[in-house]
Amino acid sequence: MKNNKDLWTLIIALALPVLLIIVMAFYLYLPAIFVKPQTNFIYYSGSYTENEVSYKVVNNRLTVDYPTIYNQNNAIRPIILPNSTIDKNTAQSSSPDVFNDATYSWPDIYLYNTLTNESQKITLAQAKIYNLSTDSTSPDGFTIDHGSSGGGFPFGYSSGNYYTQYLKKGGYSKKLNINYNQNNPYNFNFLGWVVK
Amino acid sequence: MTPKEEALNYITKLAQTNFVSRDEVLDAYEDGLSEHSPNLSRKMSISEVLYFIGALIVSIGAFFLVYNTEGLSSSVKIVFTLIFGLVNFSIGVVLNSRKNLESVSFAFFLISAFLIPFGLNIAFDAAGQNTGDIGVQAAISGISLAFFFVAQFLMKKNIFIFFNVVFGTWFFIALTDLMITGPIDWQFYAYRILVIGLSYLFLGQFLKKNPITAPLSGFLYAFGILGFLGSAMSLGGWSPDQNIFWELIFPVLVFGILYLSVSMRNKSFLVFGTLFLMGYIGKITAEYFSEGLGWPIALMICGILVIGAGYLFVYIRKKYNLA
């Protein structure tokens, strides 16, 4: 006959996993009630085509990074930047492959409202107005991170959420509704937190 | 006076002076049972090994039949897996009820334990569910656990306890994965294994007390220590991202395990405790002393300490006669 000590051993053995589940529930779900993100951010989703520009933040402002494009002879084709001081007529006369803004593909830029969890498309000119912080952590302590890649015991989980982006702070995490580029549905490029 | 009467008289005298309690006497009695019962030292017989291999081959056959045969409908696949698994379980139940065929039931229960979750996987797939989804995995493991839990409740066989441990662990992993919707620190996975390991150790201790279930405790102790100490060591991390708490507490845990190897007279605790002590010495030496002292000197110190750990292993084993 088992005595009380043995019974307690069994109770502890079974209670430990249950206790971890309870701790996890508190850690994961409780912050959602109290944590309210304040800082918005901007991002874009590119398609990685040859003539697509990319964006980057320099001195807290958004700038455009033009791609290097090669011609059939593998030589760099000249480009004209929007604010170039090069005489466009001279450039065009020296090369038939001169590009201008219309030659490039321009990925959409979005302002993400972290409170309402919505993406709003904005123009390049609007994006350039914002003062941006490229720190990985927002001023109110949030980070953006992707989900796990899945994999489990014993059949393996194929539906990992590796390409899903989350807003995260401690145990709190919220799935972000990112507007991905249709040609490259997993491409997410964080540009910066919108700071005052 | 016979030795038996002498012993009982002695216990009576000790009880009269309140030197020992009733529980202590019972504990000592049950310890004696579990340590000297033939069940504890019972190894898997050759026939059980063959049953196991046979069951594995049957299950692999069913697996290939379902996946390598073109044109099989979902219902046929379910028949070859889930229904076949249930039929095997039923045969096992019938054989288990006959004394001379009881041991053969082991093979049929094994086949059912392989095929029932596999068949459930096929059934969920046929129902249009994504079987890679964590929720479906939790459902498969949960149903399998419930099934064999009821089986254990009704038939009380060690093999069902083993299945419950396996399916319970799977269910726990799937359920905790299900709770996580976003990214989570890797430490969480280590804590999860730590809890599973600790739970195995307590379960092993519980099962050891009963001579019938005692053979399972060895398996639970081994995996329990491996999970517990392995995750505790990984939680220590590596410089410069180390966790000082876990790095400092780890040797305490290892020596705790070595102490338990003596008090519980268990070799698994001693073997794994020593191996982890050696691993810890190597880790700490490489982490903190390889640069300051130079790698060769650090290796020499590490080697001497590992020899010390090895000597400790031999000393404890001989002194306390841990077979």
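This note walks through the strands, cores and domains of the structure above, point by point.

1. **How to read the model.** This is a predicted model, in which local features need pLDDT of at least 70, side-chain atom pairs count only at pLDDT 80 or more, and totals for chains, interfaces and linings use all residues. Residues are numbered from 1 along each chain as its sequence is written, while chains are lettered from A and ligands numbered from 1 in the order in which they are written.

2. **Confidence in chain A.** The predictor's confidence in each residue is its pLDDT, on a scale from 0 to 100. Chain A has a mean pLDDT of 78, with 73% of its residues at 70 or more. Residues 86–94 of chain A fall below 50, and this stretch has 7 contacts in the model beyond near neighbours in sequence. A contact here is a pair of residues whose C-beta atoms, placed from the backbone, lie within 7 Å. Where pLDDT is low, the predicted coordinates should not be read in detail.

3. **Chain A in outline.** Chain A holds 4 helices and 10 strands. Both are DSSP runs numbered from the N terminus: helices are H or I of at least four residues, strands E of at least two. Along the sequence the pattern is α-α-β-β-β-α-β-β-α-β-β-β-β-β. Of the contacts in chain A with a separation of 6 or more, 58% join residues 24 or more positions apart. Buried residues make up 20% of the 196 residues in this chain; a residue is buried if 20 or more other C-beta atoms (placed from the backbone) lie within 10 Å of its own, exposed if 12 or fewer, and partly exposed in between.

4. **The sheet of 5 strands.** Start with the order β5-β4-β1-β10-β6 in chain A, an open sheet with antiparallel pairing. Two strands pair if DSSP finds at least two bridges between them. Which strands stand at the edges? They are β5 (118–122) and β6 (131–133) of chain A, each pairing on one side only. Neighbouring strands of this sheet are turned by 40° against each other on average, direction ignored; the angles are taken between N-to-C directions of lines fitted to C-alpha atoms (for helices, over the stretch in contact) and run from 0 to 180 degrees.

5. **Walking across that sheet.** Strand β4 (residues 109–113) of chain A is joined to β5(A) by 5 bridges, and Tyr110(A) has Lys121(A) as its bridge partner there. These two strands form a hairpin with 4 residues between them, and Asn117(A) in the turn has a positive phi of about 65°. On to β1 (residues 41–44) of chain A, which 4 bridges join to β4(A), with Ile42(A) opposite Leu111(A). Finally, 3 bridges join β6(A) to β10(A), where Asn131(A) stands opposite Val195(A).

6. **The sheet of 3 strands.** Another open sheet in chain A has the order β7-β8-β9, with antiparallel pairing. Its edges are β7 (143–146) and β9 of chain A; each has a single partner strand, so one side of each is left without a neighbour in the sheet.

7. **A look at Tyr186(A).** Is Tyr186(A) partly exposed or buried? Tyr186(A) is partly exposed, because 13 other C-beta atoms lie within 10 Å. Its place is in the loop between β9 (172–175) and β10 (189–195) of chain A. Leaving out residues up to four places away in sequence, Tyr186(A) touches Tyr163(A) and Tyr180(A). Its C-alpha atom is 9.7 Å from that of Gln165(A), 21 residues apart along the chain.

8. A nonpolar core is a set of buried Ala, Val, Leu, Ile, Met, Phe, Trp, Tyr and Cys residues joined through C-beta atoms within 7 Å. The largest has 74 residues, and those with the most contacts inside it include Leu110(B), Leu229(B) and Val254(B). Helix α5 (residues 105–126) of chain B gives the most to this core, with 14 residues. A second, separate core of 21 residues includes Ile42(A) and Val194(A). Chain B is divided into domain 1 (37–182) and domain 2 (185–323), with bounds from an automatic or database domain assignment. The C-alpha centres of these two domains lie 32 Å apart.

Key: Two residues are in contact if their C-beta atoms, placed from the backbone, lie within 7 Å.
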